[in-house]
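Welcome! Please keep the sequence and the 3D view open as you read.

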Amino acid sequence: MLSKELRRGLVSIFAGLALWEILTRLLLENELLIPPPSSVLRTLWELGATGQLNKHLLATLFEFVCGFSTACVVGILFGYFMGRYKWFDDVMDPWIATLYSIPVVAFVPFIIIWFGIGMVSKVIVVFKITAVAIMLNTAAGIKNIDPTWLELSKSLRLNPRQNTFKIRLPAALPYIVTGMRLGVGRAMLGVIVAELMAANAGLGYLLRDASETWDSPKLFVTVLLLAGMGMGSFTLIKKAEQKLAPWRETAEW
Amino acid sequence: MAGPVLELRNLTKQVPVGGQEPFVIFNNVNLSVKEGEFVSIVGPSGCGKTTLLRVVNGLMPPSSGQIFLDGKELTGADNDLVMGFVFQGASLLPWRTSLKNVLLGLEGRKSAKEAEEAARHYLNLVGLSGFENHYPHQLSGGMQQRINLARALAVNPRILLMDEPFAALDAQTRTFMQLELLRIWWQTKKTVIFITHMISEAILLSDRVIVFSHRPGRVRSEFPVPLARPRSLDIKSDHRFVELENVVWKQIEEEVKAAGGFARL
């Protein structure tokens, strides 16, 4: 049985769709302005049938997953050392501050010049955005560790490896996940911007294509897919957070 | 009878203060603790009791003086796990279950099977079997302190150092925990150094009560507790208990006055 919250949410969505369908049919003669849900659905079906949907969705997903996963590894690694060693933090700080403050729109043209309009440039955009977020948050988590846990580690004579993997990294985990969550949202924007500017596949490419051909149903489909992807990745991160840090359900610390 | 388990000789800890005389936390502490003895240290706030325990455990180096364990001098390079430290706050790792928290000191030292058996044994000893898979946030303060104790005992230390472990508990829970500690000590016969503010707690639990002076802390006096074991709360009305409590309190009062009076606490 669906929960009460979910049921209300679904009813709300269907009511909204019905209203949207009725209003567009009654009031608008030109589908270009706002297409009714039925024609959005039809377009979605057509895109799926021709394999276009798969191609573009998979391209964006692939870029996203590649960039995100490498960003996790590099971000946690660098963040850990930045948190542990002040000198490394000082060395990295100006570069990260610069990278962090360059708006993604200004950054993309260079990446495209250097890496072309294919997937690699998008992977790099996703990587840059996410890695910085994860790095900064991991470093903060490592720095802010509760000193009594370090005393505990010393008192139990844990070796350096145990100290890292059993005390410091798990302690920083909530920060790391926060970094990932921030990264996901920004990287989503980044990859779409990059695809809008120059690409031969991906949802951003589809968006530009639809916009240039005045194909509003297709535009709508793309926007919906983007929304779905965003929601999906957030849900995944949230699930991962609950799995990795179950004590955070009720404990606030 | 062999020599003492732990012996402190002229142990001193001071911290440098920029451009001034160093700040002396405790000075020339001499103390020896026998096998299976339960020793409490009481003293005015800020007399350096907790720092002493940290130095003994090697969490910070002494400024001078020596620490001997079983006649062997401990140096900074010594990295054997020979002491169990029970922290004031339970300091449990929130991402580990009770069992895994107790396992922390055993991991990599024993086979997984032996380690788990030991951890379960000590959880059982502190009365928490059935709570192996609970996370700390799901347990009360008293239960968290029990795990804290089990974690320190699980590594089978030569000596157990307890730093005001019951200070954060409410009065009722605290009394129960004192009785539990009496029982657990009776069962394990560990050598214990117990730091507390509470004179009655020190007398109830210990074989010997050490009174520390105000800062810089040193051993002012020590009293054997002439009460038979096993003990229960009844001994609190024993005249020897009451007399000892008064004597110790007088001394602490003097120390507090010498340090500048109650208002400075």
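The angles run from 0 to 180 degrees between N-to-C directions, and the axes are lines fitted to C-alpha atoms, for helices over the stretch in contact. Helices (H or I, at least four residues) and strands (E, at least two) are DSSP runs, numbered from the N terminus. This is a predicted model, where local features need pLDDT of at least 70 and side-chain atom pairs count only at pLDDT 80 or more, while totals for chains, interfaces and linings use all residues. Residues are numbered from 1 along each chain as its sequence is written, and chains are lettered from A and ligands numbered from 1 in the order in which they are written.

Now to the first pair. Helix α3 of chain B (residues 112–125) packs against helix α4 of chain B (residues 141–154) at about 135°, and their axes are 9 Å apart. α3(B) and α4(B) are therefore oblique to each other. On the α3(B) side, the contact (C-beta atoms, placed from the backbone, within 7 Å) is made by Ala118(B), Ala119(B), Tyr122(B), Leu123(B) and Leu125(B), and on the α4(B) side by Ala150(B), Leu153(B) and Ala154(B). By class, this contact of α3(B) with α4(B) has eight nonpolar, no polar and no charged residues. Here Ala, Val, Leu, Ile, Met, Phe, Trp, Tyr, Cys and Pro count as nonpolar, Asp, Glu, Lys and Arg as charged, and the others, Gly among them, as polar.

## A helix pair in chain A

Which residues of α4(A) and α6(A) meet? From α4(A) come Asp89(A), Ile96(A), Leu99(A) and Tyr100(A), and from α6(A) come Lys128(A), Val132(A), Met135(A), Leu136(A) and Ala139(A). The contact of α4(A) with α6(A) divides into seven nonpolar, no polar and two charged residues.

## An open sheet and its helix

Back in chain B, four strands form an open sheet in the order β2-β1-β4-β5, with antiparallel pairing. Two strands pair if DSSP finds at least two bridges between them. The edge strands of chain B's sheet, β2 (23–33) and β5 (72–73), each pair on one side only. Strand β1 (residues 6–15) of chain B is joined to β4 (residues 64–69) of chain B by five bridges, and Leu6(B) stands opposite Leu69(B) in β4(B).

Helix α1 (residues 49–56) of chain B packs on this sheet, touching β1, β2 and β4 of chain B, and its direction makes about 65° with that of β2(B). Six of the eight residues of α1(B) are buried, where buried means 20 or more other C-beta atoms within 10 Å of a residue's own, exposed means 12 or fewer, and partly exposed lies in between. Among the buried residues of α1(B) are Lys49(B), Leu52(B) and Val56(B). Just after α1(B), Gly58(B) takes a positive phi of about 80°.

In chain B, β9(B) and β10(B) pair in the antiparallel sense over five bridges, and a hairpin of six residues joins them. Val211(B) has Ser221(B) of β10(B) as its bridge partner. In the loop between β9 (208–212) and β10 (219–224) of chain B sits Pro216(B), and a cis peptide bond with omega of about -5° joins Arg215(B) to Pro216(B). The bond from Arg229(B) to Pro230(B) is also cis, with omega near -10°, and Pro230(B) lies in the loop between β10 and α7 (239–258) of chain B.

Most residues other than glycine have a negative phi, and most peptide bonds are trans. Arg157(A) has a positive phi near 55° and lies in the loop between α7 (147–155) and α8 (160–197) of chain A. Glu164(B), in the loop between β7 (159–163) and α5 (171–188) of chain B, has a positive phi of about 40°.

## Where the chains meet

Finally, 17 residues of chain B are in contact with 17 residues of chain A. The chain B side that touches chain A divides into nine nonpolar, seven polar and one charged.

Terms used: Contact = placed C-beta atoms within 7 Å. Parallel < 35°, antiparallel > 145°, perpendicular 65-115°, else oblique.
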